[in-house]
Amino acid sequence: MTQRHAPRACPVCGARLALTRLGCPECETELSGMFEACEFCSLEADDRQMLLVFLKSRGNMKELERHLGVSYPTARARFDRLLTTLGLEGSAEPPERLHLLESLARGEIDVGQALDQLD
């Protein structure tokens, strides 16, 4: 069975969708009504995995960076994007600042050059 993720927003008006029907695949029992939806269920699998690693490591961004195999600024940007997807305030870096920090992390520029570009 292919696992699909429920959309969060109405494709017609953009309003948040309500969970109104549940079904049992074994006995085909169905329940209908207004149910509270899981905030994390509509996330893509890689975002759910990233969140799980973050929680298991008790919020350690270095562990998240290691899991993703990316630089700290990139891991932070992905986590901030996840917060935004969940409707939480993310302190996302402006794109140009993020690129500057990634260049610094890769050793393409030194600290002095980075500071000059920030001014």
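**Entry 1**

I began with leucine 31, which I found in strand E2; helices (H or I, at least four residues) and strands (E, at least two) are DSSP runs, numbered from the N terminus. The model is a predicted one, in which local features need pLDDT of at least 70 and side-chain atom pairs count only at pLDDT 80 or more, while totals for chains, interfaces and linings use all residues. Residues are numbered from 1 along each chain as its sequence is written, and side-chain values use heavy atoms, with hydrogens and water left out.

I noted leucine 31 as partly exposed because its relative accessibility is 47%; buried means under 20% relative accessible area, exposed over 50%, and partly exposed in between (1.4 Å probe, protein chains only).

**Entry 1: confidence**

I looked up pLDDT, the predictor's confidence in each residue, from 0 to 100. The protein averages 82, and 91% of the residues score at least 70. Strand E2 (residues 30-35) has the highest confidence, at 90, and helix H4 (residues 95-105) the lowest, at a mean of 77.

I recorded lysine 62 as partly exposed, at 47%, and glutamate 65 as buried, at 17%.

In helix H2 I also found arginine 66 and glutamate 63, three residues apart. Their side chains form a salt bridge at 3.1 Å, N to O. Arginine 66 is exposed, at 57%, and glutamate 63 is partly exposed, at 31%.

**Entry 4**

I turned to arginine 76 and aspartate 80, which lie four residues apart in helix H3, about one turn of the helix. Their salt bridge has its closest N and O atoms 3.4 Å apart. Aspartate 80 counts as buried, at 2% relative accessibility, whereas arginine 76 is partly exposed, at 29%.

I then checked aspartate 47, in helix H1 (residues 45-56). Aspartate 47 is buried yet has no salt bridge, and the nearest side chain of opposite charge, arginine 78, is 4.2 Å away. Lys and Arg count as positive and Asp and Glu as negative; His and the chain ends are not counted.

Definitions and conventions:
A salt bridge is a side-chain nitrogen of Lys or Arg within 4 Å of a carboxyl oxygen of Asp or Glu.
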